[in-house]
Amino acid sequence: MASLFSPLSNEGRRVLNRLPRLIDKVFPMPGRFRSGLPRDVAELSGLLTANREDRGASYLGKPALLSAYLRYFMPWNIYRLCRLLPGLPLDLKSHDTVNDVGAGPLTLAAALWISRPDLRRLPLEFRCVDRTPAVLEAGRKFFAALASDTIESDGGRPGGSDCPWVIKTIRGELKRHGGLSIEIKGKPAALTAAVNVYNELFWNFSPLDTEGLAAFTNRAARLLSSLTNPSGSILVMEPGIPRCGEFISLLRLGFMKEGRCPLSPCVHSGLCPLSAVSGPGSAPFRKAKWCHFAFDTEDAPDALHKLSGAAGIPKERAVLSFILAGPASRREPLGRANTAQHDRPQAFVKARVVSDLFPAGEGWGRYGCSERGLVLVSGTRKSLEGSPSGALEELRLQDGRKDGKSGALMAEKTSG
């Protein structure tokens, strides 16, 4: 069993535990304002979720909301990425460039620095694009302090002068029609990333407007692919909610139209079993399930958990949806390989677990995504607790049996 979300390394946990104090050092807050921080966090949480229509385009330009973002949402987003990034096949080399579209306070750069210490000595260039200058400037200050603190703790020279990463901030924004408001100059990137940014653009699509959302994701796939070297990869991560899961599934298809097959979390290059574009019978299941992953947050900083509790939004689990698309290459038409897999007998499949535990008949079950389509693995609660969300499992199919509710192939674990 291989999981997408390995526990933090000792080094990663040590650095993350220092983040709250480091943020306070870089962005000092007068004591008289600290008591209002939980309230500001709760207000910003509402603007990011239920009260989206009440926020302006540059809502993070307001000092109180920016402070709440830097002290709560930024470290939680860094934590999510620190759990995800080490398990992804990101092969960055000396003098590579990284495009970060919708970079915010440089969350991706910070998470890569923390979770991939093997990259810290490589000369890399980050081109960070965001529409709010105050957020970019805050990110620049924070990353400089993070790099300096880490380098000094490892015996390097004070002041972060040993950091080989070049950070370039660019004011610009993604447009609803699929383009960027500015041109990112320089060579195509080895990695282009868009983290928690596209949901702000597709949120107003009607849930019934699948064609409109598909056209939007096709434009997004073309843009991100054009910014990326043909040999490079593209990472898009969004909150793990149903609408974002559908966007990720459609974006996966858009990348494949650009010749970029999925590297993660998918275990195949066929049609997505969790998308409305998967064919007859998939839509009813899609209404109940979507591609997302969850993991416990026990190893997140205690100070962050305390702030979450004080704001009334405790986080016992982190949830996200994502896609990592690989190099552009020629391939067979989408679905041909998948159909071939369905046409021939196969006793075993590899599947990525994409659900929590739930009661299934007289036992328990989890859904998984495989080259044969959706699978339902059943067993005892104890046996399936060892297959958490994101785990890669080898499953034995049960003689072509299908689940009557979802149409998923029935399967059982081969070990564990």
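Student: In this predicted model, is Leu 106 buried or exposed?
Tutor: Leu 106 has a relative accessibility of 1%. Because a residue counts as buried when its relative accessible area is under 20%, the word that applies to Leu 106 is buried.

Student: Where does Leu 106 lie, and what is its phi?
Tutor: Leu 106 is placed in the loop that runs between β1 (97-101) and α5 (107-115). Although Leu 106 is not a glycine, its phi is positive, with a value of about 60°.

Student: Which loop holds Asn 196, and what is the relative accessible area of this residue?
Tutor: Asn 196 is found in the loop between β4 and α7 (199-202), and it has a positive phi of about 55° although it is not a glycine. Asn 196 counts as partly exposed, and its relative accessible area is 23%.

Student: Leaving aside neighbours within four places in sequence, which residues are in contact with Lys 175?
Tutor: Lys 175 sits in the loop between β3 (166-171) and β4 (189-195), where it is partly exposed, with a relative accessible area of 32%. The C-alpha atom of Lys 175 is separated by 9.8 Å from that of Tyr 198, which is 23 residues apart from it along the chain. Once the neighbours within four places in sequence are left aside, the residues in contact with Lys 175 are Ser 181 and Leu 201.

Student: What is the omega of the peptide bond from Ser 264 to Pro 265?
Tutor: Pro 265 belongs to the loop between β6 (260-264) and α10 (283-288). The peptide bond that leads from Ser 264 to Pro 265 is cis, and its omega is near 5°.

How values were computed: Residues are numbered from 1 along each chain as its sequence is written. This is a predicted model: local features need pLDDT of at least 70, side-chain atom pairs count only at pLDDT 80 or more; totals for chains, interfaces and linings use all residues. Side-chain values use heavy atoms; hydrogens and water are left out. Helices (H or I, at least four residues) and strands (E, at least two) are DSSP runs, numbered from the N terminus. Buried means under 20% relative accessible area, exposed over 50%, partly exposed in between (1.4 Å probe, protein chains only). Contact means heavy atoms within 4.5 Å.
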